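Subject: Structure for your files

Hello,

Below is the structure I said I would pass on. My notes follow it.

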Amino acid sequence: LTARCLALDDERALRGALDEKHRRLVVTDATIKAAKQDIIDLIENEKSFLLAPKLVRLGFHDCVGGCDGCINLNDPDNNGLDIPIDALEDIVDKYNDTGLSTADI
């Protein structure tokens, strides 16, 4: 089974900011706003009439069976989802140490 799974792994999670009392990653409002702006910039800089619908479809397909940031690209129903995944990859990489997961992005 080949799945494109861009979620945080344990090693990356340990490098993020931890709330010591609750032992969980803490994501700041500033990080969320910055990630949101990066996604908006991506859509505006790309041919948004091509990328935007693919991003909506990606969000829908990700949440079939659970919103976990994993997409099985061998499933014919997911054909073409590699395009928005690849488009978001730099943003996912940029924020992976901040507590934002792929599912968040």
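Asparagine 72 sits in the loop that lies between strand S4 (70-71) and H4; helices (H or I, at least four residues) and strands (E, at least two) are DSSP runs, numbered from the N terminus. The model is a predicted one, in which local features need pLDDT of at least 70 and side-chain atom pairs count only at pLDDT 80 or more, while totals for chains, interfaces and linings use all residues. Residues are numbered from 1 along each chain as its sequence is written, and side-chain values use heavy atoms, with hydrogens and water left out.

With a relative accessible area of 24%, asparagine 72 is partly exposed (buried is under 20%, exposed over 50%, partly exposed in between, with a 1.4 Å probe and protein chains only). Its side chain reaches the backbone nitrogen of asparagine 74 at 2.9 Å. From asparagine 72 to aspartate 82 there are 10 residues in sequence and 10.0 Å in space, C-alpha to C-alpha.

On H4: this helix has 14 residues and spans 20 Å from its first C-alpha to its last, close to the 20 Å expected at 1.5 Å a residue (the expected span is 1.5 Å times one less than the number of residues). H4 also has a kink of about 40°, centred on leucine 88; the bend at a residue is the angle between axes fitted to the seven residues ending there and the seven starting there. The buried residues of H4 are Pro84, Ile85, Leu88, Ile91, Val92 and Tyr95.

The largest nonpolar core has 13 residues, and Leu42, Leu58, Ile71, Leu88, Ile91 and Tyr95 touch the most other members. Such a core is a set of buried Ala, Val, Leu, Ile, Met, Phe, Trp, Tyr and Cys residues joined through side-chain atoms within 4.5 Å. Helix H2 (29-45), helix H3 (48-62) and helix H4 (82-95) are the elements that give two or more residues to this core, and H4 supplies the largest share, four residues. Leaving aside neighbours within four places in sequence, leucine 58 is in contact (heavy atoms within 4.5 Å) with Ile71, Leu81, Pro84, Ile85 and Leu88.

As for the whole protein, four helices and four strands are present, in the order β-α-β-β-α-α-β-α from the N terminus on. Of the 105 residues, 26% are buried. Among contacts with a separation of 6 or more, 64% are between residues 24 or more positions apart.

Regards

Conventions. A polar contact is a pair of N or O atoms within 3.5 Å; within protein, one must be able to donate a hydrogen and the other to accept it, and residues adjacent in sequence count only if both atoms are side-chain atoms.
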